[in-house]
Amino acid sequence: MLTLTKNDITLQQAATDKTTAIKAIAKQLTEKGLVAEKYVDGMLNREQQNSTFLGNGIAIPHGTTDTRDLVNNTGVAVHHFPQGVNWGDGNVVYVAIGIAAKSDEHLGILKQLTKVLSADGVEEKLKQAKTEVDIIALLNGEVQFEADFDASLIQLLFPASDMIQMSAVAGGLLKNSGNAESAFVAELVTKEPTHLGKGLWLVSTDKGVKRSGMSIVTTANGCEFNGLPVKGLIAIASCNASHKSFLTTITKAVAEQQQDSILSATSEQLLAMFSTSAEETTVSADADNTATFKIKNAHGLHARPGAMLVAEAKKYESKITVLNVNGDGKAVNAKSLMKVIALGVKHGHELQFTADGSDAKEALAGIGAAIASGLGEG
């Protein structure tokens, strides 16, 4: 995993245009011994092929595949432009992350960085950053904007016989993921949960919490608590306000008497349901609107093929989500370049698309054809 240091960050930079910015970043990559001098040509050529602007004021300039032999070591040079740089097409960049990668290592870098930078509010924080430590904290995810919830925090049909077991499992998931300490689990098993109706329960605490997150456990057994049925338990670890979107989704489901939509959902459906992006709404998972395709691109979904995939998805009105079958199992908005690149898709990985709308079938067919054609790389 990429470890940023103060030496990787250059603050208070200014550039008249993106070409000037890229040349400055390439110069620093060269001075650090990461690349040869000619690597700058690959970075400029890459920019001509497809813009490296990701959104939210962030760009990731990097070289082309045929300039990888000019890379000595994998690394980055992060330049901070508080006044912004015109990156073309009306896009303004405040932080540019120059990437030098010898092989598919850049996919891991992209995955780490874009997951952090896709969160709402990061752009403004980066613009206002005053020190290298400020930027490193933001890029490393130490400033939490989105509460954690992934496949490792879901346990379906656990053979629990009582609420204590349910709470212990839910707390254990959050402890194992690094969100909480043992004190959190101990608090959870002694705290009385709130019944949300139809066998769905909620429990939360801030004791022993290191990062906000949520776990969901459903039971295969018919147990009770205080004379009421227990079918599922949602546990929330909170140390900031980043979990509020989860509570909004839960409140809406309860108000509409849709608790069963949570209790009967698959892991993939739960991940889509509780996605923190407003665009990532739940879609049905019928066989007719779900399709899986294998990525044939030699270097996976880096910026260029990723952009081609997103451009294809944006042609359709349907809501489209995608998950990397070989990844963490989290479904994301297929029309967001940052989200798609953050999936860390490598050669041979399978992507499962789910579309919901009047042109869902056409969307899946079009996406499948685009992937089969190589997403612009043949």
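Author: Happy to. Let us start with a sheet: 4 strands make up an open sheet, ordered β11-β14-β12-β13, with antiparallel pairing. Keep in mind throughout that this is a predicted model.

Reader: Which strands stand at the edges of that sheet?

Author: The edge positions go to β11 (290–294) and β13 (332–333). Each has a single partner strand, so one side of each is left without a neighbour in the sheet.

Reader: And what holds paired strands together in general?

Author: Strands of a sheet pair through backbone hydrogen bonds, and the pairing can be parallel or antiparallel. Here, β12 (residues 319–324) and β14 (residues 350–356) are an antiparallel pair with 6 bridges. To find your place in this pair, look for K319, which stands opposite D356 in β14.

Reader: Which strands does helix α13 touch?

Author: Helix α13 (residues 360–372) packs on the sheet and touches β11, β12 and β14. Its direction makes about 5 degrees with that of β11.

Reader: Let me zoom out. Which domains does the chain have?

Author: The domain assignment gives domain 1 (6–140), domain 2 (151–274) and domain 3 (290–373). Taken over C-alpha atoms, the centres of domain 1 and domain 2 are 39 Å apart.

Reader: What is the mean pLDDT of the protein chain?

Author: The mean pLDDT is 88, and 91% of the residues reach 70 or more. Residues 276–285 need care, as their pLDDT is below 50. Beyond near neighbours in sequence, this stretch has 26 contacts in the model.

Reader: On to charged side chains. How many salt bridges are there?

Author: The count comes to 5 salt bridges, where a side-chain nitrogen of Lys or Arg must be within 4 Å of a carboxyl oxygen of Asp or Glu. One of them joins E47 and K18, at 3.4 Å from N to O. E47 lies in helix α2 (residues 39–49) and K18 in helix α1 (residues 18–31), so the pair ties together parts that are 29 residues apart in sequence.

Reader: Is E47 buried or exposed?

Author: E47 counts as buried, at 7% relative accessibility. K18 is partly exposed, with a relative accessible area of 21%. The cut-off for buried is under 20%.

Reader: What separates K127 and E124 along their helix?

Author: K127 and E124 are 3 residues apart in helix α4 (residues 122–128), which puts about one helical turn between them. They form a salt bridge, with the closest N and O atoms 3.5 Å apart. Both are partly exposed: K127 has a relative accessible area of 25%, and E124 is at 41%.

Reader: Where do D148 and R211 lie?

Author: First, their side chains meet in a salt bridge at 2.9 Å, N to O. D148 lies in the loop between α5 (132–139) and β6 (154–158), and R211 in the loop between β8 (200–205) and β9 (213–225), so this pair ties together parts that are 63 residues apart in sequence. R211 is partly exposed, at 28% relative accessible area.

Conventions
Residues are numbered from 1 along each chain as its sequence is written. This is a predicted model: local features need pLDDT of at least 70, side-chain atom pairs count only at pLDDT 80 or more; totals for chains, interfaces and linings use all residues. Side-chain values use heavy atoms; hydrogens and water are left out. Domain bounds come from an automatic or database domain assignment. Two strands pair if DSSP finds at least two bridges between them. Helices (H or I, at least four residues) and strands (E, at least two) are DSSP runs, numbered from the N terminus. Contact means heavy atoms within 4.5 Å. Axes are lines fitted to C-alpha atoms, for helices over the stretch in contact, and angles run from 0 to 180 degrees between N-to-C directions. pLDDT is the predictor's confidence in each residue, from 0 to 100. Buried means under 20% relative accessible area, exposed over 50%, partly exposed in between (1.4 Å probe, protein chains only).
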